[in-house]
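Here is a friendly briefing to read beside the model.

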Amino acid sequence: MEIFKLLYANKLRLKRGKLLWIGLGVSLGYNILLLVMNYIELVNHIGNSIVAINWYLLSSFSTVGYFCPVFCSFFIGTDYSEGTVRNKVIAGHTRNNIYLANFITASAVNLFWVVVTTAVTAVLGTLLFGWHMVYPLQFLLQYFSGLLAIIALAGLFTLPAMLIHNHVISTVCSILLFFVLYSVETSVQRILFARSVGKASMVTTGLLSQTVLEFVYDFIPVGQVIQVMDKILHPVRAPVFSLVFTAVSVLFGIAVFRKKDLN
């Protein structure tokens, strides 16, 4: 099929490039640093070290979340800078398949980073701290939700990468978008936490309803990743929202890309 040819071409580009391995190195390096720092605290009897493996295994989601907009912008943006997108259309590939191939590639790369980092972390973490997992069913739900959330992130950041010709501008916009969403979601998290302990101000209580805040926190993938690292507000709703967000962002992106002037 046509889309498999596009996916194969993307695979060859990944093997020739450095982004795949840079992202993996960042993700692995961060998790290894967490393990080593906590092990040093444990050996020195500081008393603040985390021995439960759960937290370490989930840490890769935050790193991948940070790197996702950079990867999407650079990898997909190179297609524009080299004229490859236009050549693919001329060669007979449909715009739908071009868009889908890039989204699938971004999703697969995100999953690759997370799964490999999880496997390495599990081995090193067990060697350093032993296999100590708390609330295994809760962990599985968080991990599953995290996988869907990073696919949703790929859908989100494929959008500007496919719609903006200049990959430098695309990268800047994607990174700014990520940090704006991160700021919004962390602010929503603080308000929700304040309300849960009865410390929310009268202003925030009056202006923003609980339903709206929880929807924003659950629906935007950045908020989902934050929840995976902390506590999922609605364990059943979060994965469903990830799927819905992915579908909406990809369908919207395809609709706009089909009308985009590639000259």
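**Pockets, rings and selected residues**

Sorted by class, the residues lining the largest pocket are four nonpolar, three polar and three charged; here Ala, Val, Leu, Ile, Met, Phe, Trp, Tyr, Cys and Pro count as nonpolar, Asp, Glu, Lys and Arg as charged, and the others, Gly among them, as polar. Please keep in mind that this is a predicted model, in which local features need pLDDT of at least 70 and side-chain atom pairs count only at pLDDT 80 or more, while totals for chains, interfaces and linings use all residues. Residues are numbered from 1 along each chain as its sequence is written, and side-chain values use heavy atoms, with hydrogens and water left out.

**Pockets**

- The volume of the largest pocket is about 240 Å³; of its ten lining residues, L192, F193, Y217, K231 and L233 are the closest to the centre.
- A pocket, on a 1 Å grid over the protein atoms alone, is an open set of points where a 1.4 Å probe fits, with protein on both sides within 12 Å along at least five of seven lines, and lining residues have an atom within 4 Å of a point.
- Grid points are joined across faces, edges and corners, and a volume is the space filled by probe spheres set on the points.
- Helix α7 (167-196) and helix α9 (210-219) each give at least two residues to the lining of the largest pocket, and α7 has the largest share with four; helices are DSSP runs (H or I, at least four residues), numbered from the N terminus.
- The second largest pocket has a volume of about 210 Å³, and of the 13 residues that line it, S62, Y66, Y182, I226 and M229 are the closest to its centre.
- By class, the lining of the second largest pocket has eight nonpolar, four polar and one charged residues.

**Aromatic rings**

- The count of aromatic pairs is 19, where rings of Phe, Tyr and Trp (its six-membered ring) pair if their centres lie within 6.5 Å, and planes under 30 degrees apart count as stacked, over 60 as edge-to-face and the rest as tilted.
- Y56 and F129 are stacked because their ring centres are 5.6 Å apart and their planes are at 10 degrees.
- This pair links distant parts of the chain, with Y56 in helix α3 and F129 in helix α5, 73 residues apart.
- Y56 is buried at 1% relative accessibility, and F129 is buried at 13%; buried means under 20% relative accessible area, exposed over 50%, and partly exposed in between (1.4 Å probe, protein chains only).
- F178 and F179 pair edge-to-face, 5.4 Å centre to centre with 85 degrees between the planes; F178 is buried at 5%, whereas F179 is partly exposed at 45%.
- Ring pairs join Y66, F157, F178, F179 and Y182 into a cluster.

**Charges over rings**

- The charged end of R13 sits over the ring of F75, 3.9 Å from its centre, and R95 lies over the face of F257, 5.7 Å from the ring centre.
- The rule asks for NZ of Lys or CZ of Arg within 6 Å of the ring centre and within 35 degrees of the ring normal.

**Two single residues**

- V89 is found in helix α4 (residues 84-90) and is partly exposed at 28% relative accessibility.
- Leaving aside neighbours within four places in sequence, V89 is in contact (heavy atoms within 4.5 Å) with R95, I98 and L262.
- V89 and L262 are 173 residues apart in sequence and 9.2 Å apart in space, C-alpha to C-alpha.
- Y135, in the loop between α5 (95-129) and α6 (136-163), has a phi near 50 degrees, a positive value in a residue other than glycine.
- Y135 counts as exposed, at 61% relative accessibility.
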